[in-house]
Amino acid sequence: MGAAGNAGGRRVEAHEGSIPAQEILEAKAGFAEPDWFPAALKELDTGLLFLAGSPGTGRRTAALNLLFQHSSGSMDLRALDSDVDLPSWRPTQAEARGYLVYGLLAKRPLTSPVIANLLDRLTEVHARMVILLPDDPELARTLSRELHITPVRCRPPQPGAVFDARLRSAVPNPAERDRLLARLEPGMLDELLAPDLVPSQVVELVEAVSRAGDTGPGFTDLRDRLSFLAAGEAPELIKQLRDDSDGLAFLLAACVFEGLDHRIVQEEAERLLLLADGSLDSLLPESGSSDGERGPATSGPRPNPKFLLRRSLDELLRMVRADCAPTEIRTASGYLYSVEPVRFTRHRQAEEVLRHVWRQYGHLSSLLADWMGRVSGNERELAEPAGRVLGMAAGWGGGRRALSHISKLANSDSATTRAIAAYALSMAAADPILASEVKHRLRGWSYSAGPQLRSTVAHVCGTDFGASRPDRAIRLLRSAYRGRDGEEAAVGVKVRGSLCALSGAGRQPTVVRRLAEWVDTGGREAELALWTFPQLLWEPAWLQEQLVGVSEFTEKIIELVHRVLNDDEHFEATRSALLNWCRMAYGYEQQTTAVETLLTALAQGMARGELRLFVEIDRYDAEELAGRHIARHALDRWRNGESPEHGSATPHGGPHDH
C-alpha cells in the first residue's frame, strides 16, 4: 500500500531475539549459492564472519544459509540489532547455534582483545556469528588495517542463476515452469535479466512470472510493472507535472495512499492543495502591476482555481501513470465496504517519486510532512500509509534532527496523530542507523508521566518494530502500562492490543512465556497478564499445538487458563473463548485432542472457575461439542464427592501426563 508497501502481507525480519523457523526456511527456498559461499562457510569455522554487501544483494539470505549449514541444520538462530555493544555482549541462550548481527554501529570501537573475547564466548556455547556490513571500502580497509580482518564481499550470483533457482522453488512442476516461460515475449527474459540485477530484483521478477496463471495478466506489460525500473521515471514524472498543481498534488497523494479508494486519494490531493496555499503553482496569475500597486486588469480570461471540473479522474490517473483497480470488498468493524483502489502501473513507483522529491526539493518535503502529519479519518486506513512514508523519509533526509518531526507527533493529544508517529517510528527503525535513536526515544518515553507518549510507545510495539524485536517490545509495554483507571485506560488498551499483535505476528512463544512469568509476580504485571490472555485464546492454533505435543509451554498454557478461569473479572471472556474451542474442534482430531488435553488437566483441580466452565459445557445447547464427556464425568465425580482423577485424559481414553 503506497510507498511503504502493504504492511499486512509482509513477513517481518527478526532484528532481535529468536529468528523464526519460517524466516530460515524462506531463506533456504530457492537459494542460489554464490561462488564465494564455500570460502565463507570455511571462514565461519573461526567462529566469526564479516559479510559486506549492498542492500538487495542477498546478504541476509546468504548469512542465514551460512549459519544454517554450518550448524548442521539448526533452527536455533538469533538476531542482534545494529546497536548491540559487542564488547559487553554475552550469549544468553545456550541452545542458540548461530547469531546474525544486523549491521554494526559499535558504541565502543572493536579491538583485537574484544574480538578475541567475543570468539571465546561463542566457542563456549558452540555458536557462530555473522556480522552484516555495508559495502564500504573505507570500512573494509579499517578492519583489515586495525584488526587484520578481511570481510567477505557479498557478490550476488548471476541473475539467471538466481532466477532459475527461485523459479524452481516457486513452481516445482517442470511442465508448469515451461508453460509460464513460454508466455514471455521472445528475448524479454534475457533483456530483463541484465547483469546488474540484484537478487531482490530477480525475486520480484520470479514472483510476477510465477503468479500469472491462466487468468492472470499477460507479460506484454511486464516491463512496465517491475519496480527496479521505477527510479529512472521519478524525475521525469515530477518534471512533467511541474506546471500542473492538480496533477502534482494527485501524484503525491497517490504515492502516499496507493491502494486506497480513488475518492480518498482525490480528497487528500485537494487537502494538500489547500495546505500548499498556492506553493504548488509554478506560475502566479497576473492581477496588477509588477510593483505590487493596483494596476490594470490582465487582458483575456484567467483560469479559475475554484473551477470544479478542472481534471477528470481518468485524466489524472493517466498523467501520473496509475490505474483504478477493479472493485475490492474490504472489511471494517462490523461491516463490509467496496473500494476502487488507485495503483501505479509500475511497482514501487510511489517510493521512488517520494524519495526523489524528498532529496531534491527540501521545501516541498516540509509541506508533505505537515500534510501527512495532519491526516484525519480512519486511523488504520490513512494513518498507517502516512506514517510509514514519514518513517522512510526520516532515512532519506538523515541528519541529527531526522526524527524531530515524528517526535512532535508522538506527544499529540490526537490518537490518529499518535498512530501516524507509531507507524513512522516503526518504519524508521528499519534503517540500521536510525534504529538506535528510535529505541533510545521509546525507552525514555515508556517511563513518561503523561499518557500520550506511553500510548505511542505501546502502539509502536504492536507494529513491525515489535515483531522484529519481541523481547524489547515486551519490556517497553511493561514499562508503559500503569493500570486501567482514568486516562490510563486508553494506554492499557494499546498495551494489550500490542501484546495480541505480537502473538499474531508469530511471536507467541515470547508473549506466552512473559505472561506466565508476570501472572506470578502480582501487581500490575499480573493484572496485565490476566487481562490479555483471554484475548489470545481467540487465536487458538498455536496454543492448541502446544497442548497436543508436550512442550515447555504446555503447563504454562494450562496454568494461565486456570488463573483466568478463577478470576471473576476474566471468567466470562475465558468461558466464551473456550466454548468456542469446544464448538470449533468437533470433528477435527488434532483440535479435539487439544481440547480434551486441556479439559482433563483442568478437571484434576476442579476449583470454582473450572466448575463453572464445566457446568456451561454440560448445559450448552449444541450437541456437537468436543470434550463434553470430560466435563460431565468431572461433574459427576464432584457431585458424588469423589476426588479428581489424575493422569487420565478422558473416562474412555488413554493417559495424558502433564
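## Overall picture

The protein exposes about 31600 Å², and carbon and sulfur atoms supply 49% of that area. These values, like the others in this report, come from a predicted model. Of the 658 residues of the protein, 49% count as buried, and the protein has 31 helices and 10 strands. Among the contacts between residues at least 6 apart in sequence, 70% join residues that are at least 24 apart.

## The six-stranded sheet

Six strands form an open sheet with mixed pairing, and their order across the sheet is E1-E3-E4-E5-E2-E6. The edges are formed by strand E1 (17–18) and strand E6 (152–153), each of which pairs on one side only. Strands of a sheet pair through backbone hydrogen bonds, and the pairing can be either parallel or antiparallel.

Helix H3, which comprises residues 59–70, lies across strand E2 (48–52) as well as E3, E4 and E5, and this helix runs at about 170° to E5.

## Strand E4 and its two neighbours

Strand E4 covers residues 98–101, and in the order of the sheet E4 stands between E3 and E5. On one side, four bridges join E4 to strand E3 (residues 77–80), and the two strands run parallel; within this pairing, Leu77 has Gly98 of E4 as its bridge partner.

Which residues of E4 lie on each of its two faces, and are they buried or exposed? In a regular strand the side chains alternate between the two faces of the sheet. In E4, Gly98 and Leu100 lie on one side and Tyr99 and Val101 on the other, and all four are buried, so that both faces of the strand are covered.

## Helix H25 and what covers it

Helix H25 holds the 14 residues 523–536, and at 1.5 Å a residue these should span 20 Å; because the C-alpha atoms at its ends are 21 Å apart, the model agrees with that expectation.

The buried residues of H25 are Ala526, Leu528, Ala529, Leu530, Trp531, Thr532, Phe533, Pro534 and Leu536. What covers these buried residues includes four other helices, namely H24 (488–518), H26 (541–548), H27 (554–565) and H28 (568–585).

Definitions and conventions
Residues are numbered from 1 along each chain as its sequence is written. This is a predicted model: local features need pLDDT of at least 70, side-chain atom pairs count only at pLDDT 80 or more; totals for chains, interfaces and linings use all residues. Side-chain values use heavy atoms; hydrogens and water are left out. The expected span of a helix is 1.5 Å times one less than its number of residues. Buried means under 20% relative accessible area, exposed over 50%, partly exposed in between (1.4 Å probe, protein chains only). Contact means heavy atoms within 4.5 Å. Two strands pair if DSSP finds at least two bridges between them. Accessible areas come from the Shrake-Rupley method with a 1.4 Å probe; for residues, only the protein chains shown count as cover. Axes are lines fitted to C-alpha atoms, for helices over the stretch in contact, and angles run from 0 to 180 degrees between N-to-C directions.
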